[in-house]
Amino acid sequence: MIFDEDFDVIIIGAGHAGCEAASAAARLGVDTALVTINLDLIGQMSCNPAIGGVAKGHIVREIDALGGIMGRVIDRTGIQFRLLNRSRGPAVQSPRAQADRALYRTEMRRVLEFTPNLHLRQGVITDLIVKDNKIIGVNLQDTRKFGAKSVVIAAGTFLNGMIHTGKNTFSAGRAGEPASIELAESLKKLGFPVGRLKTGTPPRLDGRTIDWGAFEPQTADEKPVAFSFATEKIEQPQVQCFIGYTNNDLHNKIRDNIDQSPLYSGKIKGIGPRYCPSIEDKVVKFADKARHQLFLEPEGHNTNEIYLNGFSTSLPAELQQNLLKMIDGFEDVRIIRPGYAIEYDFVDPRELSFSMESFRIKGLFLAGQINGTTGYEEAACQGLIAGINAAFNVLNRPAFRLGRDEAYIGVLIDDLIRNGVDEPYRIFTSRAEARLTLRHDNADQRLFPKGKEIGLLVDSEWEKFNRKRDRITQLRDVLTNTRFKRSDIEYSSLSQLLGRDLGDTITLFQFAQREGVNSQIIHRLLPDNLQATVKLADLDTALADLLYRGYIETQKVSNERIYHNDNLKVPDEFDFRVLSGVSYEMIERLERAKPKTFAQVRKIPGLTPAAISTILVYLTAAKVSA
């Protein structure tokens with residue numbers, strides 16, 4: 001077959017999955033094409049203008065540690081950085097940043113434009129060219145044909161996309177962009193099992209029409225935590241976000257007009273995300289709540305557009321306007337873009353291996369929302385793994401994979417390919433058995449060696465990492481071996497600082513665990529040579545390593561116990577509702593699956609490790625009592 005152009009790897013789609021896949025494949029030395037419907041919308045944030053969040057921030061740091069680009073781009077374009085869960089343990093703390101939406105898109109394109117071996121092409125891919133169950137190229141709508149040894153589909157919500165706003169329904173991939181209908185049909189013809197999912201967006205508001213005094217300000221962190229390990233400091237100015245609330249009058253108005261929601265009128269058949277429900281869903285499913293929280297998030301420094309997080313809706317545009325005016329501070333608000341819901345096709349991810357390659361077609365990889373996930377971060381990490389392995393397929397290198405105990409990325413991929421999805425998949429810290437070791441701060445310690453082995457990290461980054469690793473090793477030693485006795489001069493000042501006796505002797509690490517002691521205080525107690533070289537972030541990592549050391553051993557024993565009880569029977573009359581501490585969502589999944597053995601319990605999609613451990617305790621007790 002004669003092709004207009006030949007490439008080693010072709011990436012279909014330039015969203016967050018496509019950008020990571022294209023960057024990784026090209027930097028591994030293979031000739032790569034990134035093909036998208038509109039080159040001006042590379043890296044478009046089609047929903048909320050933010051990167052990170054609980055568990056999601058962990059994934060962005062893991063992407064960075066492996067050599068990906070999302071962390072670097074958000075560090076250069078973020079307008080409000082916050083470390084979530086500061087008051088909780090280090091394992092669940094996670095970075096998040098609001099982005100300047102336009103600047104993020106511009107910076108992402110700039111990064112890709114200057115990537116060697118990467119070629120940007122605009123066009124609509126309509127069909128995959130397959131020979132002997134192996135991908136050899138793609139057809140474009142404009143009649144061009146591109147040859148390839150590997151293809152990554154990262155089409156987002158574009159596959160057979162259908163937008164809903166009230167009774168108005170039309171085909172689109174995103175508002176203002178065409179759906180990819182032919183490619184969706186091509187996948188079906190090749191035999192891929194295809195399902196239907198749904199997601200949505202809230203209205204975007206004109207900030208000049210908002211009474212900002214009615215809302216609670218949410219400030220940025222004084223010392224922003226960067227996503228990339230290469231970022232020394234966040235330099236750009238930060239902005240405020242704001243918090244508001246819905247009210248009962250608004251809820252009643254929605255109930256009175258619920259028949260106008262395509263979600264409740266039956267027009268939408270796809271399953272929506274459980275953890276990011278529409279405002280209609282919130283009002284109906286949580287009828288006891290008098291109000292729901294809203295976040296007013298600026299879309300950039302040079303725009304008045306405001307993203308109303310927490311108000312996703314597919315109600316008619318006119319009704320959206322009327323509802324918003326019922327909220328204090330929105331009496332004169334104007335909508336720039338109405339919210340909408342979008343339905344789209346996805347492929348059952350159980351069609352894939354751990355490398356993201358299809359079992360059905362050799363050399364074909366899938367990444368992002370096509371696999372049933374939701375979220376920029378979930379998409380980006382799949383794109384990175386798919387891009388690496390698409391290049392490795394060309395280079396005849398063994399496929400790269402991550403285990404559940406190595407990274408949240410490994411948890412996500414394992415969940416997808418083993419269990420599939422019955423709703424849009426979102427990552428949570430509770431999904432990881434080894435979450436105490438999978439912290440955001442130690443992603444480089446876990447994954448930099450793998451990034452170096454893959455070939456996505458340069459020598460200077462590797463040398464910098466080794467210096468940091470040596471500092472943290474030395475710090476752990478100093479923290480555990482530095483002791484203060486009652487007779488020491490320092491002891492008296494430490495005791496006075498906390499206002500209580502510290503016993504006959506105390507180590508520096510033990511002192512660090514006392515209430516009222518932070519890493520700044522510990523830093524001042526380090527030997528002079530370490531004070532000059534150690535950063536507070538290094539000290540926080542060393543302290544967290546020591547803090548979780550005992551828990552991690554206990555966790556390993558617990559995990560091993562779980563995997564040795566697969567033959568344990570679930571009694572026919574077992575009532576899952578008696579499980580203490582297990583959420584209603586987990587119970588709902590158990591009752592729907594009707595498992596007969598503990599092995600079947602473990603394989604239920606979306607069941608958290610904590611829920612599985614609780615069930616094992618109850619089943620063991622039931623067996624003993626029988």
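Tutor: Buried means under 20% relative accessible area, exposed means over 50%, and partly exposed is in between (1.4 Å probe, protein chains only). This is a predicted model: local features need pLDDT of at least 70, side-chain atom pairs count only at pLDDT 80 or more, and totals for chains, interfaces and linings use all residues. Residues are numbered from 1 along each chain as its sequence is written, and side-chain values use heavy atoms, leaving out hydrogens and water.

Student: Which residue in S10 stands opposite Asn 139?

Tutor: Strand S9 (residues 134-140) and strand S10 (residues 145-147) run antiparallel, joined by three bridges. Opposite Asn 139 stands Lys 145.

Student: How far apart are the end C-alpha atoms of helix H18?

Tutor: The expected span is 1.5 Å times one less than the number of residues. For the 12 residues of H18 (residues 536-547), that should be 16 Å. The model agrees, because the end C-alpha atoms are apart by 16 Å.

Student: Why is the pair of Trp 212 and Phe 242 called tilted?

Tutor: Rings of Phe, Tyr and Trp (its six-membered ring) pair if their centres lie within 6.5 Å; planes under 30 degrees apart count as stacked, over 60 as edge-to-face and the rest as tilted. The structure holds nine such pairs. Here the centres are 4.8 Å apart, and the pair is tilted because the planes are at 45°.

Student: How many residues apart in sequence are the parts that this pair ties together?

Tutor: Trp 212 lies in the loop between strand S15 (204-206) and strand S16 (216-218). Phe 242 lies in strand S17 (residues 241-245), so the parts are apart in sequence by 30 residues.

Student: Are Trp 212 and Phe 242 buried or partly exposed?

Tutor: Trp 212, at 27% relative accessibility, counts as partly exposed. Phe 242 has a relative accessible area of 13%, so Phe 242 is buried.

Student: What kind of pair do Phe 448 and Phe 465 form?

Tutor: Their ring centres are 5.0 Å apart. Their planes are at 25°, so the pair is stacked.

Student: What is the relative accessible area of Phe 448?

Tutor: Phe 448 belongs to helix H12 (residues 443-454). Phe 448 is buried, with a relative accessible area of 7%.

Terms used
Pairing = 2+ DSSP bridges. Helix = DSSP H or I, 4+ residues; strand = E, 2+ residues; numbered from the N terminus.
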